[in-house]
Amino acid sequence: MAVAQETLEQLRRQGLESVDPEIADLLGQELERQRGQIELIASENFTWPSVLEAVGSVPTNKYAEGYPSKRYYGGCEVVDEIEATAIERAKAVFGADHANVQPHAGAQTNMAVYMAAMQPGDTMLSLELSHGGHLTHGLRVNFSGRLYNVVHYGVSRETNLVDYDEVRDIAKNCRPKLIVCGGSAYPRAVEADRFREIAGDVGALLLCDMAHFAGLVAAGLHPNPVPHCDFITSTTHKTLAGPRAGFILCREEHAQAVDRAVFPGMQGGPLQHVIAAKAVCFRIAATEAFRDYQRQVRANADALAETLVEGGLELLTGGTDTHLLQVDLRPTRWSGKDAEERLAEVKVTVNRNTVPFDERPPTVASGIRIGTPAATMRGFDDDDFREVGRIIFEALGDAPELGALAAQSEELCRRRPLYPGFRGFTTYAA
Ligand SMILES: *Cc1c(COP(=O)(O)O)cnc(C)c1O
């Protein structure tokens, strides 16, 4: 790398491309990568241009430890308004008593709720990771598995659905302080009302982690867990299509415990530029246009599911209520890892995922997880997704023409351009 020759005066005025062409080039390369493949990773999305601008904005310069009008720093009058706006919008979109919009990401939302609801050593009951849970729901190597006594429920071997009678039996045995519902690879609706009954029976608090399906909830396409739960955690960057971050909703009685757990419990200064972007995301989530987008996410998931089943692939639970499908590859000659790699060759990006009762390790896995939010964001409709489904089952079939299939994916991407005219970062122009 050449030694930087800029003067201090130049550094004060110049944008990324002049100061660091190496990173500017890599950002451009990442944009081209995103544009040139069919993105089906269920936890990813392409956020709105308005959100990208907010993420690249000046509150990144501001320390604001504390909460609106209760800060430990001066000069917070503007970021107070930004954060208060984000809080009000989050409460309105989901119908919640209280919102905390400071968590840096999804993992931090769960850490904060556990801190608010439990003491180290207390028992929590959550969905097994290999059955669709999340590593922050008690994986041994995660903070959650190290700090708490974790008991898991799973899905039924016959239906691959949560068996609520079994959850109740386990809960009665282990008497958890906290029950966690929701996960990252469960294709069906999370029935928080049924978990509520169980939590009531055993005197447990209830958390729904809606990180994956929050966008569907905002659009009224998935039952809203808020009325049934003590706590709700979420990311903003999955179906919700906002910046990479998290937020917590809770009942008024837990508001102070949640706020204290986030700060000073586990975070320092909040990322106010990202909080501004969360406010934008919540504003968009309240629009009819966002509902249209989510309806298309659902329609595309159904179109893809149908096409894959017609092509002979097996889906866990036979389909989906949400934005994601789990292909069970056990009846095929494919492992999740091999299928993921084969699909990358035809410009389709998915991730390997364990299926319930998987005999392969998670690094290999026997399933692939497929989601529709990102490709829907760039304009893919039902017909496009039927074509994507055909590309997938042909690529995993006998003697596929990989070159032709890759060209077909590229043509779909050309027809549905991503961020036209953009170069991957907002440009500083003084
Ligand atoms: C994605 C996800 C998280 C964690 O989000 P990060 O932003 O990656 O920390 C937590 N819970 C569930 C269910 C998730 O799907």
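A salt bridge is taken here as a side-chain nitrogen of Lys or Arg within 4 Å of a carboxyl oxygen of Asp or Glu. The structure is a predicted model, in which local features need pLDDT of at least 70 and side-chain atom pairs count only at pLDDT 80 or more, whereas totals for chains, interfaces and linings use all residues. Residues are numbered from 1 along each chain as its sequence is written, and side-chain values use heavy atoms, with hydrogens and water left out.

By this criterion the structure holds 29 salt bridges. One of these joins R416 to D381, with the closest N and O atoms 3.5 Å apart; because R416 lies in the segment after α17 and D381 in the loop between α15 (373–377) and α16 (382–395), the pair ties together parts that are 35 residues apart in sequence (helices being DSSP runs of H or I with at least four residues, and strands runs of E with at least two, numbered from the N terminus). Through shared partners, salt bridges join D381, D384, E387, R415 and R416 into one network.

A further salt bridge is formed by the side chains of E17 and R423, at 2.5 Å from N to O; E17 belongs to helix α2 (residues 16–19) and R423 to the segment after α17 (402–415), so that parts 406 residues apart in sequence are tied together.

With a disulfide defined as a pair of cysteine sulfur atoms within 2.5 Å, a search of the whole structure finds 0 disulfides. For C250, the nearest cysteine sulfur, that of C229, is 12 Å away, and for C281 the nearest, that of C208, is 17 Å away.
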